[in-house]
Amino acid sequence: MHVLIAGGGIVGCMTAMELVTRGCRVTIVERNQVASQTSGESSWAGGGILFPLLPWIYSDVVNRLTMTGIRFYPEICRRLKQETGIDPELQQSGMLILPQYDQAAAQNWCQAWKLPAEKASACAFGVASPEGDDALWLPTVSQARPPYVMQALRKWLEQNGVTLLERTELKPLSGETRLQAWETVDGRRLAADKFVVTSGAWSFDLLKETASKLKIKPMRGQILLYRPQKNLEHMVYREGFYMIPRKDGLLLAGSTLEDVGFDPATTESARAELSAKAAAIMPELQGLPILKHWSGLRPGTPENLPAISAHPQIENLFLNTGHFRYGLTMAPGSAKIVSALICGEEPFLDPAPFACP
Ligand SMILES: Cc1cc2nc3c(=O)[nH]c(=O)nc-3n(C[C@H](O)[C@H](O)[C@H](O)COP(=O)(O)OP(=O)(O)OC[C@H]3O[C@@H](n4cnc5c(N)ncnc54)[C@H](O)[C@@H]3O)c2cc1C
């Protein structure tokens with residue numbers, strides 16, 4: 001079976017990996033380049049925290065998808081590193097949650113989901129905590145480094161016979177009941193047996209004529225990069241803001257959540273806001289050069305609930321899109337669900353809550 005995947009971000013690449021493992025022939029069509037950031041693609045830009053920040057505010061359905069993704073990452077990263085030589089830098093660096101947060105809800109959730117959690121002193125972790133010292137330490141929370149995950153995936157897909165059709169843009173679909181071929185903006189017709197939309201924030205553009213109830217819109221996020229003299233040893237979260245230390249001494253500070261359409265610009269106001277939040281936790285960052293400042297467009301959906309399902313009318317078209325804030329975390333689980341649906345198998349998770357409206 002030949003499957004054509006529309007979009008080569010983390011979701012498209014992990015879907016391709018899963019389909020290849022199941023014996024399918026796969027083509028990824030990407031209007032830019034796989035594993036690069038050209039105009040707002042989300043996967044390269046993400047922080048790489050493999051955890052839904054405050055899981056106790058999300059539904060069980062979202063948490064089941066993120067928690068399965070987390071479970072699959074060690075095996076995927078081991079395989080990518082071994083077979084491509086590129087290290088996705090998966091590491092269990094733990095996450096410290098600083099006040100204010102709902103302590104009772106956090107503790108109940110961690111108990112129910114058997115996630116190790118301890119009360120901790122922010123001061124003992126060497127960070128400033130403007131709202132009090134009562135922090136929560138989550139030692140098993142992991143991170144991976146998105147540009148390296150993407151490079152490793154790209155190499156693995158090439159090694160395993162996946163065709164990457166880059167700089168090739170697909171046109172929006174119109175109302176057929178079965179797709180023979182998908183037309184590109186330069187007039188080519190790309191044939192396949194089955195098709196999957198993994199086009200991130202741009203998915204609604206491709207589907208608006210055929211799945212008008214689908215709610216996906218771009219939500220911009222910006223991140224700053226520092227190299228402090230002494231880096232954090234753990235990830236730190238405080239009221240919507242986080243810092244992620246990398247193995248090579250770099251430190252990410254992010255991110256914003258902005259409803260500004262398809263504008264991938266970085267802004268002075270976000271730079272000021274993020275650097276003030278970073279310095280409130282690590283005063284030594286005050287005045288330190290910002291090495292880089294970037295943005296990405298998340299595929300925003302109500303409640304962070306992606307669509308992982310068959311298309312409501314086009315019988316050989318599938319959707320795997322709308323992972324919003326947690327696409328890096330959710331990608332392994334959602335790739336397995338959509339691949340099972342494509343191959344006519346029973347998915348490991350009930351797909352009903354992810355049905356396209
Ligand atoms: C600042 C920021 C921080 C984040 N931090 C985290 C985090 O710590 N943890 C986490 O789990 N998630 C995080 N995320 C979210 C995560 O990055 C996204 O949910 C995820 O990358 C979405 O992946 P995707 O493959 O659906 O989209 P994308 O990576 O955007 O890929 C979609 C691809 O489709 C292509 N495409 C679109 N239209 C067409 C077309 N017509 N024809 C051909 N190709 C097309 C695009 O060029 C693009 O490459 C973060 C996001 C941002 C922006």
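Predicted model: local features only at pLDDT ≥ 70, side-chain atom pairs only at ≥ 80, totals over all residues.

Trainee: Is H5 mostly covered or mostly exposed, and which elements cover its buried residues?

Mentor: H5 is mostly covered, with ten of its 14 residues buried. Among the buried residues are Tyr 148, Val 149, Met 150, Leu 153, Arg 154 and Trp 156. The cover over the buried residues of H5 includes helix H1 (10-21), helix H2 (42-45), helix H3 (60-84), strand E8 (163-165) and helix H8 (327-342). After H5 comes Gly 161, which has a positive phi, near 80°.

Trainee: E8 is part of that cover. In which sheet does E8 lie, and what is the strand order?

Mentor: E8 belongs to an open sheet of six strands, ordered E8-E2-E1-E11-E18-E17, with mixed pairing. Its edge strands are E8 and strand E17 (307-310), each of which pairs on one side only. On average, neighbouring strands of this sheet are turned by 20° against each other, direction ignored. H1 packs on the sheet and touches strand E1 (2-6), E2, strand E11 (194-197) and strand E18 (317-321). The direction of H1 makes about 170° with that of E2.

Trainee: How many bridges join E2 to E8, and do the two run parallel or antiparallel?

Mentor: Strand E2 (residues 25-29) is joined to E8 by three bridges, and the two run parallel. Val 29, for example, has Leu 165 in E8 as its bridge partner.

Trainee: What is the order of the strands in the sheet of eight?

Mentor: That open sheet has the order E5-E6-E4-E13-E14-E15-E12-E16, again with mixed pairing. Strand E5 (118-121) and strand E16 (292-300) are the edge strands, each pairing on one side only. From one strand to the next the twist averages 25°.

Trainee: Which strands are joined to E13, and in which directions do they run?

Mentor: Four bridges join strand E4 (residues 95-98) to E13, and these run parallel. Three bridges join strand E13 (residues 235-238) to strand E14 (residues 241-245), and these run antiparallel. Tyr 237 stands opposite Ile 97 and also opposite Tyr 242 in E14, while Val 236 stands opposite Met 243 in E14. E13 and E14 form a hairpin with two residues between them, and Glu 239 in the turn has a positive phi of about 45°.

Trainee: Why does Leu 251 count as buried?

Mentor: Leu 251 lies in strand E15 (residues 251-254). It counts as buried because it has 21 C-beta neighbours inside 10 Å, where the cut-off is 20 or more. Among the residues that Leu 251 touches, beyond four places in sequence, are Tyr 226, Leu 232 and Met 243.

Trainee: Finally, which residues come nearest to the ligand?

Mentor: Of the 42 residues around the ligand, Gly 7, Gly 9, Gly 200, Gly 221 and Gly 327 come nearest. H1, H2, strand E12 (217-226), E16 and H8 each supply at least two residues of the shell. By class, the shell divides into 15 nonpolar, 21 polar and six charged residues.

Notes
Residues numbered from 1 in each chain as written. Pairing = 2+ DSSP bridges. Axes fitted to C-alpha atoms, helices over the stretch in contact; angles between N-to-C directions. Buried ≥ 20, exposed ≤ 12 C-beta atoms within 10 Å, placed from the backbone. Contact = placed C-beta atoms within 7 Å. Near = placed C-beta within 6 Å. Nonpolar A, V, L, I, M, F, W, Y, C, P; charged D, E, K, R; others polar.
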